[in-house]
Amino acid sequence: MLTDAFGRTVDYLRISVTDRCDLRCTYCLPKGFKGFAIPKDWLSIEELARVAAAFARLGTKRFRLTGGEPLLRKGLTQLAAEINNQPGVEDISLTTNGTQLFKHAQALRRAGVRRLNISLDSLRHDCVKDITGTDCLQQVLDGIKAAKETGFERIKINMVPLKGINEYDLDGMVAFCIENGFILNLIEAMPMGITGQVHAKVSLQPVLARLQQKFDLTPFNGTIGGGPARYWQSGDGSFTLGLITPMSQHFCETCNRVRLSATGDLHLCLGQEDKVALRPMLRNGCSDDELEQAIRQAVMRKPEKHEFVENPHKIIRVMALTGG
């Protein structure tokens, strides 16, 4: 197993397959942003699979495919299938904005993807357009419907509450998730890049208190994925709420993940600059032993915690370039 200098086991790798996205969410990409990597600098599907296999040999059990928007990358289902075939892998999940999901849900399921997180910040067309830059709500809803019909279980809806924009859409989103049997994940906006730093933050602690009272929510002690969310469930079991609170109640002491960018940088903490470039090694013909040793050494450099609260202007790279 991979263990860092603080005794944390790292058994979860998030793999960004592209930094491109067909949306321009205001908390992710600056308006007019053009600083994307050129495709030849992306790791190939074979290179991504090789890194994933090395992590699997080192005890990594959970993998998440992200972007950008991962469904824009050709060969994604091939990558998922290759990861699924690695001994010891227990879970492959995918985070998507949902716009392309109706075309790919069945292929993802066949390739071994078990769980989906679908980003949806409002059920109002005008609000979705304001946040994403595109009136894509119907496409996303069609994708969600396709995923449900394909048989994906425990579908999670990721919502980022933004002050004065969609914070009053919460009750409607709760009702939508109850009606469809989805889990609602609420995520505090982080100061990643210029866009993340300009949004007024919404603390989820008062949101939790209100929803606890309204829906009789109590802490859920079971396992729902391997990420940082803490879960609550209603007394009748009809509603499950997840909270990801890097700002108001960080979870650094239990962090079990690292991120591989599309260009092969292994980011060791979302809120720090520590990273290791694996692409030069891969393209210079490194052996599997050398790759594994580089990964071990990198994980030992994983920082103790982020500094989003203490130093909110520190991270200037945008989320899409880091990997979701």
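In this predicted model, helix H2 (76–84) passes helix H3 (residues 101–111) in a right-handed crossing, a crossing being right-handed if the near helix is turned clockwise from the far one by less than a right angle and left-handed if anticlockwise. Helices (H or I, at least four residues) and strands (E, at least two) are DSSP runs, numbered from the N terminus. The axes of H2 and H3 come within 8 Å and cross at roughly 20 degrees; axes are lines fitted to C-alpha atoms, for helices over the stretch in contact, and angles run from 0 to 180 degrees between N-to-C directions. That angle makes H2 roughly parallel to H3, given that angles under 35 degrees count as roughly parallel, over 145 as roughly antiparallel, 65 to 115 as roughly perpendicular and the rest as oblique. Leu76, Thr77, Ala80, Ala81 and Asn84 of H2 make the contact with Ala107, Leu108 and Ala111 of H3, where contact means heavy atoms within 4.5 Å. By class, 6 nonpolar, 2 polar and no charged residues take part in the contact of H2 with H3; Ala, Val, Leu, Ile, Met, Phe, Trp, Tyr, Cys and Pro count as nonpolar, Asp, Glu, Lys and Arg as charged, and the others, Gly among them, as polar.

Residues are numbered from 1 along each chain as its sequence is written. As the model is predicted, local features need pLDDT of at least 70 and side-chain atom pairs count only at pLDDT 80 or more, whereas totals for chains, interfaces and linings use all residues; side-chain values use heavy atoms, with hydrogens and water left out.

Helix H3 also packs against helix H5 (residues 137–150), at an angle of about 25 degrees and with the axes 8 Å apart. H3 and H5 are therefore roughly parallel to each other, and their crossing is right-handed. On the H3 side, Leu101, Phe102, Ala105, Gln106 and Arg109 meet Asp142, Gly143, Ile144, Ala146, Ala147 and Thr150 in H5. The contact of H3 with H5 comprises, by class, 6 nonpolar, 3 polar and 2 charged residues.

A further helix pair is formed by H1 (45–57) and H10 (residues 288–300). H1 and H10 pack at an angle of about 70 degrees, with their axes 10 Å apart, and are therefore roughly perpendicular to each other. Arg50, Val51, Ala54, Phe55 and Arg57 in H1 meet Asp288, Leu291, Glu292 and Ile295 in H10. In the contact of H1 with H10, the classes are 5 nonpolar, no polar and 4 charged residues.

An unreviewed UniProt entry lists Tyr27, Gly68, Ser119 and Met190 under "binding site"; UniProt positions are given in the numbering used here, feature names are shortened, and annotations may be inferred rather than shown by experiment. Tyr27 occupies the loop between strand S3 (12–16) and helix H1. With 18% relative accessibility, Tyr27 counts as buried, where buried means under 20% relative accessible area, exposed over 50%, and partly exposed in between (1.4 Å probe, protein chains only). Gly68 is placed in the loop between strand S4 (62–66) and helix H2 and is partly exposed, at a relative accessible area of 23%. A cis peptide bond, with omega of about 20 degrees, joins Gly67 and Gly68.

The UniProt annotation "binding site" (unreviewed entry) also covers Cys252, Cys255 and Cys269. Cys252 belongs to the loop between strand S11 (240–244) and strand S12 (257–260) and is buried, with a relative accessible area of 9%. Cys269, in the loop between strand S13 (265–267) and strand S14 (275–277), is likewise buried, with a relative accessible area of 13%.

Lys275 lies in strand S14 and counts as partly exposed at 41% relative accessibility. Not counting residues up to four places away in sequence, Lys275 touches Asp265, Leu266, His267 and Arg301. The C-alpha atoms of Lys275 and Val258 are separated by 9.6 Å, the two residues being 17 residues apart along the chain.

Most residues other than glycine have a negative phi, and most peptide bonds are trans. Arg154, a residue other than glycine, has a positive phi near 55 degrees. Arg154 is in the loop between H5 and strand S7 (156–159) and is partly exposed, with a relative accessible area of 41%. Asp216 has a positive phi of about 55 degrees although it is not a glycine, and is situated in the loop between helix H8 (204–215) and strand S9 (218–219).
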